[in-house]
Amino acid sequence: QVIGKASGIRKKGMVWEVGIGTSVIYTVTVKEKPIVTSITIPSSLNLLLGSSYTFSPVIAEEGATTQLTWTSSNPTVVSVTSNGVINALSLGNSTITCTASNGISAKCIVSVSPILVSSIKLDKTELELNVNDRCTLLVTILPENATNKAIEWTSSNENVAFVSTEGTVIGISPGYCNIQAKSTDGSNIKTGCLVHVMSNLE
């Protein structure tokens, strides 16, 4: 508070003239400029390979302004832009750090997961072959951007029909068996084709 005494008060231009004997009290409030005391972002994220995410950091104190710096501990796995946009580039983990100009920071552990196979379809669900004949089964895998499209081929009876790693079925002896195509990415998606191998006399 600032106190002064004057005898009278009159306005002269933009200045108040105060006469002797009159008390005038001024209250002056000085506020500190808000500073960054904390940054809030998710502590962890799980992204699919090839996807992206944009951080929206919450800054306290309210009204504080700062320039944020973004860094990635493993930029070959997760890259980050100056605006806080991250991109999942390869499988693995990376720690994203958001730092204010006064050193206050927040971290987020980002895990990048593969895109799993959701569907396997064969162009044939039943197949007839003569002994020593062969046929290659065509497979369609979804989604198209699945990370690992490798297929494991098996025959329920290799004495009847054999299947190669490329899905080529060869008739061995008369009978029935099932050819199975199964994903190898851990999704455990599979499908099959019933094979009837006939003798050359049939």
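Two strands count as paired if DSSP finds at least two bridges between them. With that in hand, welcome to this predicted model. Two topics follow: an open sheet of four strands, and an aromatic cluster made of Tyr-53, Phe-55 and Trp-70.

**The open sheet**

- The strand order is β15-β22-β21-β18, and the pairing is mixed.
- At the edges sit β15 (126–130) and β18 (151–155), each of which pairs on one side only.
- From one strand to the next, the twist averages 25°.
- Strands β15 and β22 (residues 190–198) run parallel and are joined by five bridges.
- For a specific contact to look up, take Glu-126, whose bridge partner in β22 is Leu-194.

**The aromatic cluster**

- Searching the whole structure turns up two aromatic pairs.
- Tyr-53 and Phe-55 make an edge-to-face pair, because their ring planes stand at 85° and planes over 60 degrees apart fall in that class; the ring centres are 5.2 Å apart.
- Phe-55 also pairs with Trp-70, and here the rings are stacked, with 5.2 Å centre to centre and 20° between the planes.
- Phe-55 lies in the loop between β7 (52–54) and β8 (58–60), while Trp-70 belongs to strand β9 (residues 69–72), so their pair ties together parts that are 15 residues apart in sequence.

**Burial in the cluster**

- Tyr-53 is partly exposed, at a relative accessible area of 28%.
- Phe-55 has a relative accessible area of 4%, so it counts as buried, the cut-off being under 20%.

Key
Residues numbered from 1 in each chain as written. Predicted model: local features only at pLDDT ≥ 70, side-chain atom pairs only at ≥ 80, totals over all residues. Heavy atoms only, no water. Axes fitted to C-alpha atoms, helices over the stretch in contact; angles between N-to-C directions. Phe/Tyr/Trp six-rings, centres within 6.5 Å; stacked < 30°, edge-to-face > 60°. Buried < 20%, exposed > 50% of the residue type's maximum accessible area, 1.4 Å probe, protein only.
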